[in-house]
Amino acid sequence: MSAALLVENLVKKFGTGKAAVDGVNFDVPAGEIVVLLGPSGCGKTTTLRCVAGLEHPTGGRISIGGRVVSEPERGTLVSPRERDIGMVFQSYAVWPHMTVHQNVAYPLKYRRKNTSGSADIDTKVRETLELVGLGEYAQRPVTSLSGGQMQRVALARSLVYRPQLLLLDEPLSNLDSKLRIRLRDELRRILKMTGMTGLYVTHDQSEAVVLGDRIGVMKDGKLLQMAPPGEIYNRPADSFVANFTGAANVLKGKVLERKGEQVVIDLGAAGRIEAWTPQPLAAGDNAHVALRAENIRLGERGPANSFTGKVIERRYQGMQTIYDVEFGGQKVEVLELGTAARHNDGEVALTLPPDSCWAYRDDGQATVD
Ligand SMILES: Nc1ncnc2c1ncn2[C@@H]1O[C@H](COP(=O)(O)OP(=O)(O)OP(=O)(O)O)[C@@H](O)[C@H]1O
């Protein structure tokens, strides 16, 4: 039976410097997959290693299946072995001198958990190999497999003993891009079929969106937002989340008025723009509006946020065209899907739908370096 993970106010400091994990809170209900997403050094691997028991947290509490496995304030620290977790890492970590079958059988023989002899072990190994699509490879030496197949062996080895919780740290990053996409899609199917509770760490947005029931975006040791992928992409709670997940356009201005979650922002020469905001912005505040290139509608006039601009450059990329458009001293990038570029250089109407314009306090950190 899969179990929930609860992480409360987790802190991890290495030495005396800044905390690598700085007061992180989240839960993973049984059967859910949560992905921690963020740039290099944001603390996602350290968070996962604390859950695994491979790092000793400085503060906070971690519980797996209702059992506290780490709470430094009370001197509680359960060893990794006793946490009943499975782990899959970037490196394949298979036993090179064994066959595929032997590799996957190893944890069952070693643990003798939920098994009643070699026939039972054999059945479980066969079932798990079928699940990861390696049913026909059971007797092959593991070293004769491709990278993607070896990673499936590593996954099967972690799934075969049905741990309470599966931890995955960038498991696809050593694979070539085609294989990575295929295994990414399959991984979700496999995890959902087993009903496994999963915590997955990556810096790759597409993996996070495909795999996660919820995504937690981290920066500088802090969890900025945790929400379903659609919410992260359409209602980013923070300017960093918006920018990190691809809202690369930034328009600077001043708040004129606020009604509920809507604000009107003065963009200077370009005029006014309506936007949604998750932050306590008020009239007079400096703010910036973030929006995605693919949410701007070129050649259309909508009921609000319509402007007349000028295409100053267009880059045809086969499946899509990117336009640089200027309006009233502001510059935006617009993405148009399709194999034909529909707009030429020169004057063009553009609409920035208010629902896709997100306003944040201007703290000078609008973009990811
Ligand atoms: N063993 C360690 N000793 C000292 N500092 C460490 C150690 N492990 C991690 N750190 C630091 O903690 C911070 C967070 O690192 P962490 O590996 O968790 O980030 P990450 O988001 O997983 O990045 P990446 O994707 O590059 O692995 C970084 O500043 C890193 O240098």
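Me: Which residues touch valine 11, if we leave aside its neighbours within four places in sequence?
Reply: We're looking at a predicted model here, and valine 11 is found in strand 1. With its neighbours within four places in sequence left out, the residues in contact with valine 11 are Ala19, Val21, Asp22, Gly23, Pro57, Thr58, Gly59 and Gly60.

Me: How far apart in space are valine 11 and glutamate 336?
Reply: Along the sequence, 325 residues separate valine 11 from glutamate 336. In space, going C-alpha to C-alpha, the gap between them is 44 Å.

Me: In what order do the 5 strands of the open sheet lie?
Reply: The pairing in this sheet is antiparallel. Reading across the open sheet, the strands come in the order 2-1-4-5-6.

Me: Which residue in strand 5 stands opposite serine 63?
Reply: Strand 4 (residues 59-64) and strand 5 (residues 67-71) run antiparallel, joined by 3 bridges. Across from serine 63, on the strand 5 side, stands valine 68.

Me: And glycine 65, is it buried, exposed or partly exposed?
Reply: Glycine 65 lies in the loop between strand 4 and strand 5. Within 10 Å there are 17 other C-beta atoms, while buried would need 20 or more and exposed 12 or fewer. That count sits between the limits, so glycine 65 is partly exposed.

Me: What is the distance in space between glycine 65 and proline 303?
Reply: These two are 238 residues apart in sequence. From C-alpha to C-alpha, the distance is 51 Å.

Me: What is the strand order in the open sheet of 6 strands, and why does each edge strand have a side without a neighbour?
Reply: This sheet has mixed pairing. Strand 7 (85-88) and strand 11 (222-227) stand at its edges with a single partner strand each, so one side of each has no neighbour in the sheet. From one strand to the next, the twist averages 20°. The strand order is 7-8-9-3-10-11.

Me: Which residue in strand 8 stands opposite methionine 87?
Reply: Strand 7 and strand 8 (residues 165-169) run parallel, with 4 bridges joining them. Ile85 and Met87 point one way from strand 7, Gly86 and Val88 point the other way, and all are buried. Opposite methionine 87 stands leucine 167.

Me: What is the bridge partner of leucine 36 in strand 10?
Reply: Strand 3 (residues 33-37) and strand 10 (residues 214-219) run parallel, and 4 bridges hold this pair. In strand 10, leucine 36 has as its bridge partner glycine 216.

Me: Which residues have the most contacts inside the largest nonpolar core?
Reply: That core has 92 residues. Helix 4 (residues 147-159) gives the most to this core, with 6 residues. Domain 1 (5-234) and domain 2 (248-361) both contribute residues, so the core lies between them. Those with the most contacts inside it are Val289, Trp358 and Ala359.

Me: How far apart are the centres of domain 1 and domain 2?
Reply: The domain assignment gives domain 1 as 5-234 and domain 2 as 248-361. Taken over C-alpha atoms, their centres are separated by 39 Å.

Me: How many helices and strands does the protein chain have?
Reply: Its C-alpha atoms fill a box of roughly 75 × 50 × 30 Å along the principal axes. Of the 369 residues, 40% are buried. The secondary structure comes to 8 helices and 21 strands.

Me: What average pLDDT does the chain have?
Reply: The model scores ipTM 0.96 and pTM 0.90. In the protein chain, 96% of the residues score at least 70 in pLDDT, and the average is 91.

Conventions
Residues are numbered from 1 along each chain as its sequence is written. This is a predicted model: local features need pLDDT of at least 70, side-chain atom pairs count only at pLDDT 80 or more; totals for chains, interfaces and linings use all residues. Two strands pair if DSSP finds at least two bridges between them. Helices (H or I, at least four residues) and strands (E, at least two) are DSSP runs, numbered from the N terminus. A nonpolar core is a set of buried Ala, Val, Leu, Ile, Met, Phe, Trp, Tyr and Cys residues joined through C-beta atoms within 7 Å. Domain bounds come from an automatic or database domain assignment. Axes are lines fitted to C-alpha atoms, for helices over the stretch in contact, and angles run from 0 to 180 degrees between N-to-C directions. pLDDT is the predictor's confidence in each residue, from 0 to 100. Two residues are in contact if their C-beta atoms, placed from the backbone, lie within 7 Å.
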